Amino acid sequence: MFQAYLWLCVLQGNLDAIEQELFVLCDLVYRGIGIPWEMASQATVYLVAEIMQNLKPSDQKLLDPYAYGLIKAFATAGYLQKQQLIALRTLSLFKSLSSGG
């Protein structure tokens, strides 16, 4: 589901679907069944990292702002440290630069 919303945002050219639909839906469901928000935040980071490492550098560059927005949306609850977001962003940019993108 997260991946589908990520690609929808790429196609629409904005983060509205993630911020206004996915985040709200997950908040309701996770609280309702007792899933810790920290787990959702961490899973989002892992998903984005996996997606990014399987893309060509040109595709990484295209996806980067939306992937970062997805992570940031789920970090708003305060479970991810600012340093983790910076590290992921730096890793993404480094991979892109080192592979000639």
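This briefing covers helix packing and cysteines in the structure above. The model is predicted: local features need pLDDT of at least 70, side-chain atom pairs count only at pLDDT 80 or more, and totals for chains, interfaces and linings use all residues. Residues are numbered from 1 along each chain as its sequence is written, and side-chain values use heavy atoms, without hydrogens or water.

**Helices α1 and α3**
- Helix α1 (residues 2-12) packs against helix α3 (residues 37-53) at an angle of about 60 degrees, and their axes lie 11 Å apart.
- α1 is therefore oblique to α3 (angles under 35 degrees count as roughly parallel, over 145 as roughly antiparallel, 65 to 115 as roughly perpendicular and the rest as oblique).
- From α1, Phe-2, Gln-3, Leu-6 and Trp-7 meet Thr-44, Leu-47 and Ile-51 of α3 (contact means heavy atoms within 4.5 Å).
- This contact of α1 with α3 has five nonpolar, two polar and no charged residues.

**Helices α3 and α4**
- α3 and helix α4 (residues 57-75) pack at an angle of about 175 degrees, with axes 9 Å apart.
- The pair α3 and α4 is therefore roughly antiparallel.
- Residues of α3 in the contact include Trp-37, Val-45 and Met-52, and those of α4 include Leu-63, Asp-64 and Phe-74.
- The contact of α3 with α4 divides into ten nonpolar, four polar and one charged residue.

**Cysteines**
- The structure holds zero disulfides (a disulfide is a pair of cysteine sulfur atoms within 2.5 Å).
- Cys-9 is buried, with a relative accessible area of 0% (buried means under 20%, exposed over 50%, partly exposed in between, with a 1.4 Å probe and protein chains only).
- Cys-26 is buried, at 1% relative accessible area.

Notes
Axes fitted to C-alpha atoms, helices over the stretch in contact; angles between N-to-C directions. Helix = DSSP H or I, 4+ residues; strand = E, 2+ residues; numbered from the N terminus. Nonpolar A, V, L, I, M, F, W, Y, C, P; charged D, E, K, R; others polar.
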